[in-house]
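Please open the model in your viewer and keep the selection tool at hand. This tour moves from one selection to the next and says what can be found at each stop.

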Amino acid sequence: MSERVYIFDTTLRDGEQSPGVSLNVNEKLQIARQLARLRVDVIEAGFPYTSPGDFKAVQAVAREVRGVTVAGLARSNFADIDAAWNALKEAEQPRIHVFIATSDIHLKYKLRKDREQVLEAAVAAVKHAKKYTSDVEFSAEDASRSDLDYLCRVLAAVIAAGATVVNIPDTVGYATPAEFGNFIRAIREKTPGIEKVVLSVHCHDDLGLAVANSLSAVLNGATQVEGTINGIGERAGNAALEEVIMALHTRRDIYGKTVGVVTEEIYRTSRLVSTLTGMPVQYNKAVVGKNAFAHESGIHQDGVLKERTTYEIMNPTMVGIPVSSLVLGKHSGRHAFRQRLIELGYDLSEEELNKAFIRFKELADRKKTITDEDLQAIVEGEIRQTPPTFELEYMHILSGTTVVPSATVGLVTGGEVIEEAACGDGPVDAIYRAVDKITGIRVTLVSYALDAVTGGKDALGSVTVKVQDERGKIFTGRDISTDVLEASARAYIDAINKIFHEMNGPSMQNRG
Ligand code: KIV
Ligand code: ZN
């Protein structure tokens with residue numbers, strides 16, 4: 001039996017540090033539940049000291065999500081560690097993750113500490129965290145640019161102090177695969193006590209090498225890989241976990257390791273993270289991109305039809321990509337709808353199912369054939385849990401090449417319909433201006449993206465918007481419809497509802 005590599009997911013912590021991404025507690029919980037279904041070994045749910053929102057999210061995940069280790073990040077000081085523990089204490093398997101930088105460049109310019117002071121702080125942090133829980137991870141930030149002998153001394157000291165996992169981050173994505181592999185091997189050889197702990201790596205993607213560096217580390221003795229779904233994260237992001245997992249799985253002959261992940265949940269996890277963060281997955285992205293299993297050339301298509309393995313090294317069903325078949329139509333009933341969702345791996349509550357079924361019926365009236373991708377888009381749209389302060393009741397748009405675009409919009413709030421009209425640079429702008437008049441809050445539209453869920457003239461349009469409120473905080477809204485203007489309106493209203501929910505609670509009524 002080959003050795004296990006542990007998968008540590010930091011989508012909710014390092015991933016959420018992606019520019020323009022901000023997840024609320026409900027969204028983080030949804031992702032954490034899905035990560036548990038994916039069966040990663042560790043979910044890093046956040047950095048509790050940094051904000052009340054992060055604290056609540058870590059607490060909510062620790063309380064609810066079972067069968068997985070839940071980690072919270074802390075700098076090497078007691079206040080951070082105490083906050084991490086307070087957020088984590090109800091977890092089934094809590095892990096406190098402490099870190100401090102060990103490279104000379106960070107010591108000199110950022111920490112303004114010498115090597116001995118950093119070593120002492122690291123040891124004190126691990127000892128303090130150990131008072132709360134047996135599972136303590138220590139990360140040497142910027143390890144790949146640290147002096148090897150000093151780094152090994154710090155690692156040996158934190159292991160002696162009780163660390164159960166030591167993590168070697170390539171914080172700035174500077175390492176190259178052979179170099180990083182040698183570095184990990186040297187750490188294994190030079191650090192007393194290393195054989196007793198999990199040796200982890202955490203690679204960033206500034207040179208596009210995060211996955212290659214992580215895999216090289218595995219070949220040289222790393223037993224845990226940290227990363228994020230879709231590779232999201234600071235700057236160019238982190239190692240894409242779906243790629244690491246499928247490389248370990250597909251090339252078991254090279255790596256000789258196993259992972260505990262349910263690979264069939266990968267695609268669903270990728271979709272959910274993309275939907276909730278509003279970060280699209282590039283079409284040619286390995287493993288989960290729209291084109292990852294599409295064969296365009298006639299020669300390839302012919303080969304795949306004769307024998308799939310001629311041009312496919314992984315079976316798309318292994319990562320949970322739905323077979324794009326025509327499944328349901330306007331005469332399909334609730335039972336068939338539920339059954340197909342179960343087959344697609346969605347386990348919805350009665351309330352979620354009801355909402356999704358209503359959207360399905362609306363869609364089936366407009367679109368002849370409903371594919372698995374359409375169903376996924378509906379469900380991912382309906383499982384958002386932000387209670388709406390405003391809902392779209394109706395809208396009328398006037399637009400054309402020779403008229404000033406205008407929109408009349410009716411929104412329901414507090415049981416009342418409020419109507420406003422506005423002109424704009426285009427129909428979407430006119431709708432958003434009318435909505436702004438009703439909600440009375442000032443936001444800036446940061447980005448707007450329109451994508452087709454499937455092909456064909458009656459394809460569902462999926463709109464994702466990011467808006468910034470007056471405090472500078474970004475909120476993401478998304479919706480789908482065969483009518484792209486309707487999807488545009490609903491996506492914007494979705495983002496506004498999230499602002500109201502966070503600022504005032506769900507019962508806040510119209511301020512306009
Ligand atoms: O990139 C990094 O160094 C980190 C540590 C906090 C683990 O994210
Ligand atoms: Zn990082």
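Helices (H or I, at least four residues) and strands (E, at least two) are DSSP runs, numbered from the N terminus.

Before going further, note that this is a predicted model, in which local features need pLDDT of at least 70 and side-chain atom pairs count only at pLDDT 80 or more, while totals for chains, interfaces and linings use all residues. Residues are numbered from 1 along each chain as its sequence is written, chains are lettered from A and ligands numbered from 1 in the order in which they are written, and side-chain values use heavy atoms, with hydrogens and water left out.

Are Asp14 and His202 buried or exposed? Asp14 counts as buried because its relative accessibility is 3%, and His202 counts as buried at 5%; buried means under 20% relative accessible area, exposed over 50%, and partly exposed in between (1.4 Å probe, protein chains only).

Next, select ligand 1 and show the residues around it, which are Arg13, Asp14, His97, Phe99, Ser139, Glu141, Asn167, Pro169, Thr171, His202 and His204, each having a heavy atom within 4 Å of the ligand. A polar side-chain atom of Thr171 lies 2.6 Å from an oxygen atom of ligand 1, while a polar side-chain atom of Asp14 lies 3.1 Å from an oxygen atom of this ligand. For His202, a polar side-chain atom is likewise 3.1 Å from an oxygen atom of ligand 1. Taken alone, ligand 1 exposes 260 Å², and the protein buries 94% of that, with accessible areas coming from the Shrake-Rupley method with a 1.4 Å probe.

Now move to Glu44 in strand E3 (residues 42–46), which is buried, as its relative accessible area is 0%. Its side chain makes a polar contact of 2.8 Å with the side chain of Thr10, and a polar contact of 2.9 Å joins the side chains of Glu44 and Arg13. A polar contact is a pair of N or O atoms within 3.5 Å; within protein, one must be able to donate a hydrogen and the other to accept it, and residues adjacent in sequence count only if both atoms are side-chain atoms.

For a contrast, select Gly67, in the loop between helix H2 (52–64) and strand E4 (69–75); Gly67 is exposed, with a relative accessible area of 62%. The C-alpha atoms of Gly67 and Ala36 are separated by 7.2 Å, although these residues are 31 residues apart along the chain.

As a last stop, select Asp429 in helix H16 (residues 427–439), which counts as partly exposed at 24% relative accessibility. Its C-alpha atom and that of Ala407, 22 residues apart along the chain, are separated by 8.9 Å.
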